[in-house]
Amino acid sequence: MASAAAAAAAEWEAAERKVLVARKPCFGLPTACPTSLPVLLYLRLAEVPFDIHVDTSFPDADHIPYVEFGDCVAFNNERGGVIEYLKEEKIVDLNSKHPSVSPADVVSTKAMVSTWLMDALQYELWVVTDGSIAHDIYFSDLPWPIGKTLHWKKARDVKQLLGITKLNAAEKEEEIYQKARAAYGALSLILGDQIFLFDNSPTDADALFLGHALFVLSALPDASVLRGTLQIYENLVNFVEHHKVRLLGDSSSPGLGSSTSPSSSTPRKRASAGQSYKPKPRAKKERTVEEKKFRQRSKYFLAAQLVAVLVFLSLMGVDSSELDDDDGIDYED
Amino acid sequence: MAAAADPAADQNPNPKGAKPHEPNAEAEFVEEEYDEDGEEEEYEEEEEEELDGPAAAAAERERVQSVFQRLSSDPVAIRVHDVVIEGNTKTRDEVIEAEVADLLRAAPTVQDLLHAASVATSRLHRLDVFDAVKITLDAGPPELPGTTNVVIEVVEAANPLTGSAGVYSKPEARSWSLEGSLKLKNPFGYGDIWDASGAYGWDQTTEVGVGVYLPRFKSIPTPLMARASLSSQDWLKFSSYKEQLLGLSFGLLSTMKHDLSYNLTWRTLTDPSRASSMAIRRQLGHNLLSALKYTYKIDQRDSLLRPTKGYALQSTSQIGGLWDNKGLRFFRQEFDVRGAVPLGFYNAALNVGVGAGVILPLGRGFMNSSSTVPDRFFLGGQSSPVCSLSGLSSLLGFRTRGVGPTEARRLVPNESGSGSAAPPGRDYLGGDLAVSAFADLSFDLPLKLFRDAGIHGHAFVTAGNLAKLSEGEYKNFSVSQFQRTFRSSAGVGIILPTKLFRVEVNYCYILKQAEHDSGKTGIQFSFSSPM
């Protein structure tokens, strides 16, 4: 394994340019996809110079984001992801630079961020909001039939993954937000008033949480529950603001991670309160009883109409066959 | 030949001079019947008047003679009064009328009418929804002499659902495929044929689709076709990607020479092997292809399997990007010209052909944008360039897609650590400009046994080249360089046409190939459809 790692590291060193292929920039972020943003931030924290290439045609790809170096590639769906790969191959390992950091704490924090917080974010992005945010990030460059179909597919997959059905929608939402609150609380305690989560030195957990929080604060609308919950913890918000300026700077600043894609980076403003955010599950509860009655009545109505039409047609059919005369007279239009 | 018995024949001793539309006081009602089924002809005549046995027979023969004489000498004018359609329970009258009514009504004389009736019968048979078609010429109403009613009797297909399975080779396919299909004939009475089919190709192409064929839609005279299909093609071995296509295609115009169709396809390129080169990786994803395709084809060769005389020409133009600027936008043009010249000896013939194709991306900044890999041209493969008209892709001796620009695949750092890793292989990217040519001399083998079986030999030379023009590469393109890097191969072989396949056994010798081409000198087999 050591020799393999050495081979990969050698390729990394030998590569003239490293290219990160990620999804398109939006909302003032260099890449607006919540899966790509942590990788970008990790490379920035490690002060690795790289270029960004934007992929616009494959929103449902598992392998994006990926990093190309020379002829080699580190994919998102291999070896645990790009960050894990880079750490394993000893190419870019933030944690190793600061051995005082306890690995157990880092691992458990990462697990919390990549499960509870990621679930809450996916829930808000695909299930709760009206889809305009997701559309801007993933589907705006695809023709609308493809975009619509992929969007619908993804929303359905997320619901399946989170175990949300019509019956348990409200309960599930409560559970998701409760976990998110607990996670934010724990992270706030871990952070305290430090610059980074662990001992004032950057780790990959910082990259993961920073990616999540940046997205929540920049892309989700004001009425978002998740955003509201995060904003309760001031030290977390300050942490995000501080690193946003340091790592991302202005969108026009040169240096680390310049975008090479032809598509422009449009810093789209966040949707104003309530526009893209619809609290669906709660409304569903209230509407249920009335809605059921209405649906039932409309079904009966439609059935009655259909029966009437069928009776009419069959009667008319009988009449017309009696009238039909085969005497060879053709009426031409 | 039909006979028209003249109502005035009894009175007028000169049958030649009489005209059938002259009013006659003694209106003898004569029925004339003409039956036609395929090419056979029958003649029957009935008279309302009853005559005694032998006298009746003699009178009949006389009439027949006179009618034949009249018809063979002068054109006998007639007018179609009415077209009567019988026997159609499901099929709508309009469908049958639209196919044949104009043709029949336009006939000015009996001879023309008979010819038109035979054409009409074959047209109705071609609709493929009737088991039998019979056209009868009946006398017109008595107050309108010189007219006829045409009676079309059809027997609709007893079993509307048919199934078939077989091994076919489509012109665009690189190899043969196993296909099964179900056809439902005429469920709505418009002559519509619905079919569902599935195909599995030798090169791991699978396709399922449903389609409908309408012989006539409102006032559009040519048949319309629509087809929805889901197919997948596996190119992992050659270019490290898999293609999934979900498409709708509409055949708008389809005649012997012209073919116009519109395709709306959702195409997804994926790479489950994660080993593709950078050029292919950048192309993975979803595209919408909305394209109009026009094909012009002339094939005057005397045979498809072994042409010895004639010429053929096919031009295919495709323009994509009719959706909006987010769909694929390109213009693709292909030309293919063939000629066959018979030589005197051993039933030999020389076939030559040249093909060229180019694809250009359209839209803003088109000079630097790239063309999509599945739409580019590829050369290589074992299919014979002689038979099918799309011979642009064949280059005997080279593997499928084995020619042209390539790029190194993804390198996975070696785990054993002993020296450099095994070379990862290369992806064949195809070219934006393709030219190929061939010359093939086919001849009979000296043994009579082979000649009788249709087994013949051939010697061939093929050449071809691909070049990349997109992404600014056209600036580096030079015609002389293109000519210099032409790949070529030559060889001899034997062709065995069997009932199931057409088998070719060739020995190919690669005359010239470039560094990364996969051409192999040696014996190769190729199978194609016997049709």
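Below are some questions and answers on this predicted model.

Q: What makes the pair Glu78(A) and Arg274(B) a polar contact?
A: The cut-off for the N or O atoms is 3.5 Å. The two side chains are at 2.8 Å, so the pair is within that limit. Leaving aside neighbours within four places in sequence, Glu78(A) is in contact with Arg274(B) and also with Arg410(B).

Q: Why is the link between Lys185(B) and Asp128(B) called a salt bridge?
A: The rule asks for a side-chain nitrogen of Lys or Arg within 4 Å of a carboxyl oxygen of Asp or Glu. Here the closest N and O atoms are 3.8 Å apart, so the pair qualifies.

Q: How do you know that domain 1 of chain B and domain 2 of chain B touch, and what is found across their interface?
A: Contact means heavy atoms within 4.5 Å. By that test, nine residues of domain 1 of chain B are in contact with 11 residues of domain 2 of chain B. The area buried between these domains is about 970 Å², with 51% of it from carbon and sulfur atoms. Across the interface there are two salt bridges, and four residue pairs are in polar contact.

Conventions: Residues numbered from 1 in each chain as written. Chains lettered and ligands numbered in written order. Predicted model: local features only at pLDDT ≥ 70, side-chain atom pairs only at ≥ 80, totals over all residues. Heavy atoms only, no water. Polar contact = N/O pair within 3.5 Å; in protein donor to acceptor, adjacent residues only side chain to side chain. Buried area = accessible area lost by both parts, 1.4 Å probe.
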